[in-house]
Amino acid sequence: MKKTILQMLRVAMVVPVLLALGACYDINYFYASPDVIISGQPTNLIWDADDYINCVINNSIGPVPATGVLTVAPVATTSYALYCSDSEEADFAQTLVLVLPSAAP
């Protein structure tokens, strides 16, 4: 049987969409707010990687849920990395917290 042009176009449009849907793992965002603080002040690490099962933040923070907010209070400029994975995919993102010396009294 001959395929009509319309049938071929449907297949040509559906296959790339299915392939794209199969590869939608990504860390949506990972940032610090605020990203500039005075030494010892708190900042929030904020992230979303909802397609992943296992996520870890370095610098002795450890395992975290795939979406969350965590308050930290670094005393020196610190780069944090979020690593996420499942059985097939892995990804990471980084954010930097710039720490200024404490103000003089």
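User: Why does S60 count as exposed in this predicted model?

Analyst: The relative accessibility of S60 is 81%. Exposed means over 50%, so S60 counts as exposed. S60 is found in the loop between β4 and β5.

User: Which value of phi does N59 have, and where does N59 lie?

Analyst: N59 has a positive phi of about 60 degrees and is not a glycine. N59 lies in the loop between β4 and β5 (62-64).

User: Why is N59 called partly exposed?

Analyst: Its relative accessibility is 39%. Buried is under 20% and exposed is over 50%, with partly exposed in between, so N59 counts as partly exposed.

User: What makes the peptide bond between S33 and P34 cis or trans?

Analyst: Omega is about -5 degrees there, and the bond that joins S33 and P34 is cis. Most peptide bonds are trans. P34 is found in the loop between β1 and β2 (36-38).

User: Why is Y31 counted as partly exposed?

Analyst: Y31 has a relative accessible area of 38%. That class lies between under 20% for buried and over 50% for exposed, so Y31 is partly exposed. Y31 is placed in strand β1.

User: Which residues does Y31 touch, leaving out those up to four places away in sequence?

Analyst: With that exclusion, Y31 touches N44, L45, I46 and T95. On the same exclusion, L45 touches Y31, and its other contacts include F30, I57 and Y80.

User: Which residues have the most contacts inside the largest nonpolar core?

Analyst: They are I27, F30, L45, C55, I57 and L82, in a core of 19 residues. The elements that give two or more residues to this core are β1 (29-33), β3 (43-48), β4 (54-57), β7 (78-85) and β8. In soluble globular proteins, nonpolar side chains tend to be buried together.

User: How far apart are Y31 and L82?

Analyst: They are 51 residues apart in sequence and 9.8 Å apart in space, C-alpha to C-alpha.

Conventions:
Residues numbered from 1 in each chain as written. Predicted model: local features only at pLDDT ≥ 70, side-chain atom pairs only at ≥ 80, totals over all residues. Heavy atoms only, no water. Core = buried A, V, L, I, M, F, W, Y, C linked by side-chain atoms within 4.5 Å. Buried < 20%, exposed > 50% of the residue type's maximum accessible area, 1.4 Å probe, protein only. Helix = DSSP H or I, 4+ residues; strand = E, 2+ residues; numbered from the N terminus. Contact = heavy atoms within 4.5 Å.
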